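Subject: Structure handover

Hello,

The structure I promised is below, followed by notes on what was found in it. Please read the notes with the sequence and the model open beside them.

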Amino acid sequence: MDLTTPPEADAPRDARPEEGPAVESAADARRHFAREMADGFLAPFGGSARAMQVASQSAHWMAPAVVRLRRTVRTSEAALILVALMIGIAAGIGTLLQSGIAHGLQVWIYNIDSDARLSAQDHVAPLRLLALPIGGAVLAGFGLMLRRRKRPPIDVVEANALNGGVIPIRDSLQVSAQTLLSNGAGASVGLEAAYAQIGGGIASVAGQWLRLRRADLRILVGAGAGAAVGAAFGAPLTGAFYAFEIVIGAYTPAAIAPVLTASLAASVIVRSSGAHAYLIALPSASAILTWDYLLYASLGLFCALLGIALMRLVTLLEIGVRRSPIPDIYRPIAGGLLLIPLAWASPQTLSAGHGALHLDLTTQIGLVLLIQIFLLKALASAVSLGFGFRGGLFFASLFLGSLVGQIFSGVIALIPGANPVDPSDAAVIGMAAMAVSVVGGPMTMSMLVLETTHDFALTGTAIAATLCASTLVRETFGYSFSTWRLHTRGETVRSARDIGWIKNLTAGNLMQGNAPTIAATATIAEFRRRFPLGAARKVILTGTEGGYAGLAATIAAYGEDVQPEAPLSSIAVLTDRALAPEHDAVTIMRIFEEEEADDLAVVAPDRTILGLVSETFVRKRYTEEIEKSQRALFGE
């Protein structure tokens, strides 16, 4: 392994070399690229070797055209935008299909009108509430079919943060199916996770088939996920900022055109189908004063505290359920049984809460009842997720935030001499602030306020409230709900910002494999004979069975006060500290700082010596990768 020459950085898009063998016959090239195309198309689907062989043969005649297409997309920004347009259309269609399936299940199960919302019902027949545990049983059976899978499905945030945008299509289909079952049965979860997963999953499969570079694939995945969310609300700006803030993790010049194109295309598809944009009709547009900014900023801070409490409640409930004697297969059933009394007390706890949000905004509800609905909905969401139903907290946080805003307005009205706060305005601000606290993305939620209310003055206060909420959550908690769930699984992910390259910079990849070694029982004289000054800076010492026994510095072996007959173990350092081959660059640099060392050995669990790593080289490679990611960030 060459430790001095770093991998060649990506060249600018217009100067990147084309792929392909330098010398190859036309027939060989056709066979080669046919195999590539079949592998690129079926590998994300988990296709068998036989399926790939058949696809390779059937695609033999298409190979040259596919190669030209891949090269065009990799070298042309306009071509990438065109691909994003197609992804946006597919994401819009996927959103329509999933929404229709989930709503159709609710219409069939709960016998509601096709244009009605489950959470807006005044009453639900008790027998129909048995659909909750029955749906849990179906979900448990679905999970039983997937028991052989040893890892949870990869979502769009995890894929962009750790995997360079790679999402197996099976993971996307699994998340979508489980979310549709959960929401269709009436569990208190939203469909936005399924929308984003399918949109991002389609983009990931297309990008892998086109052999996109890591940075371009991440942009395309963000565009697909954002387009799906924007289509769900009929709000393309919301979808675009969702892609930037939550899926890509940064506002990048290279991503602006593809993301906006995909989001606009998806929204146009949904509106062309006859679906209405998600609008919140406010009774009147009142003037926004300086006092209102301060008041709504305090509402944003309050929502941040409630959002943190909600995320911790879900996690504590999940931990408690895992530690309980309830078998995994029965947990969704138990969760469905627990949801029945909550739904009986208030049907607004059912499903995501779209209908309930509109109902509560257009009717006069007492303060006590608002508090009751908030507590019931928060508990229902925690039970649904804690007991194994699949879904997200995106719309649930919007609904809960609208309740908090109305409660806030009601409490202000009880204070003697206080200026009244419009409950509708407070509901919209609370909606945005709570969603930012749970989901993240202050500009995403501010754009949602703008596109659903068409009120620019209210959007200004929403920006102030969401920024306050986002800052408090980052300072005191540090995670959104998606990254918090990754954190509980042991990942160090705080946003969708690409840190997957750090995971690839491991001690096993960075080490010098042919590091010099010598037995720890050898004498100083023997060391001097084998390693003259300048031959090696550090030498690894081996024990009686060939295992790691420490490091010996060459300069120390040539010290004036060192006796030539002394054993090397007398000058050994770091005898009980070494690196594991899976340690990443951040961990390696932290250990270097703790030990104040310049070199560290890499050893296996049985103390077998694998190699040597220098701090200088690790920091050099780390800096190079940061610079490369920065160039990709700006599309260079």
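Strand E2 (residues 538–542) and strand E3 pair in the antiparallel sense over five bridges. Two strands are said to pair if DSSP finds at least two bridges between them.

Before going further, some notes on the source. This is a predicted model, in which local features need pLDDT of at least 70 and side-chain atom pairs count only at pLDDT 80 or more, while totals for chains, interfaces and linings use all residues. Residues are numbered from 1 along each chain as its sequence is written, and side-chain values use heavy atoms, with hydrogens and water left out.

E2 and E3 form a hairpin with five residues between them, and Gly-546 in the turn has a positive phi of about 85 degrees. Across this pair, Ile-540 has Leu-551 in E3 as its bridge partner. On the E1 side, three bridges join E1 to E2, and these two strands run parallel. There, the bridge partner of Ala-519 is Thr-542 in E2.

Together the strands make an open sheet of three, in the order E1-E2-E3, with mixed pairing. Strand E1 (517–519) and E3 are the edge strands, each pairing on one side only. From one strand to the next, the twist averages 35 degrees (axes are lines fitted to C-alpha atoms, for helices over the stretch in contact, and angles run from 0 to 180 degrees between N-to-C directions).

Five of the six residues of E3 (residues 548–553) are buried, so this strand is largely enclosed by the rest of the structure. Buried means under 20% relative accessible area, exposed means over 50%, and partly exposed lies in between, with a 1.4 Å probe and protein chains only.

Val-603 has Ile-609 in E5 as its bridge partner. Five residues lie between the strands of this hairpin, and Arg-607 takes a positive phi near 70 degrees.

Helix H19

Helix H19 (residues 456–476) has 21 residues and reaches 30 Å from its first C-alpha to its last, close to the 30 Å expected at 1.5 Å a residue. The expected span is 1.5 Å times one less than the number of residues. At the N-terminal end, Asp-455 caps H19, with a side-chain oxygen 3.1 Å from the backbone nitrogen of Ala-457 (a polar contact is a pair of N or O atoms within 3.5 Å; within protein, one must be able to donate a hydrogen and the other to accept it, and residues adjacent in sequence count only if both atoms are side-chain atoms). After H19 comes Gly-478, whose phi is positive, near 90 degrees.

The buried residues of H19 include Leu-458, Ala-465, Ala-469 and Val-473. Helices H12 (290–323), H17 (423–438) and H18 (442–453) are among what covers the buried residues of H19. Thr-461, also in H19, is buried with a relative accessible area of 0%. Apart from neighbours within four places in sequence, Thr-461 is in contact (heavy atoms within 4.5 Å) with Ile-288, Tyr-293, Tyr-296 and Ile-429.

Ala-102 sits in helix H4 (residues 77–110) and is buried, with a relative accessible area of 1%. Leaving aside neighbours within four places in sequence, Ala-102 is in contact with Leu-180, Asn-183, Gly-184 and Leu-191. The C-alpha atoms of Ala-102 and Leu-181 are separated by 7.4 Å, and these residues are 79 apart along the chain.

The whole chain and its confidence

The protein chain comes to 26 helices and five strands. Of its 636 residues, 52% count as buried.

The mean pLDDT (the predictor's confidence in each residue, from 0 to 100) is 83, and 85% of residues reach 70 or more. Confidence is lowest in helix H1 (residues 26–42), at a mean of 49, and highest in helix H15 (residues 367–386), at 95.

Regards

How values were computed. Helix = DSSP H or I, 4+ residues; strand = E, 2+ residues; numbered from the N terminus.
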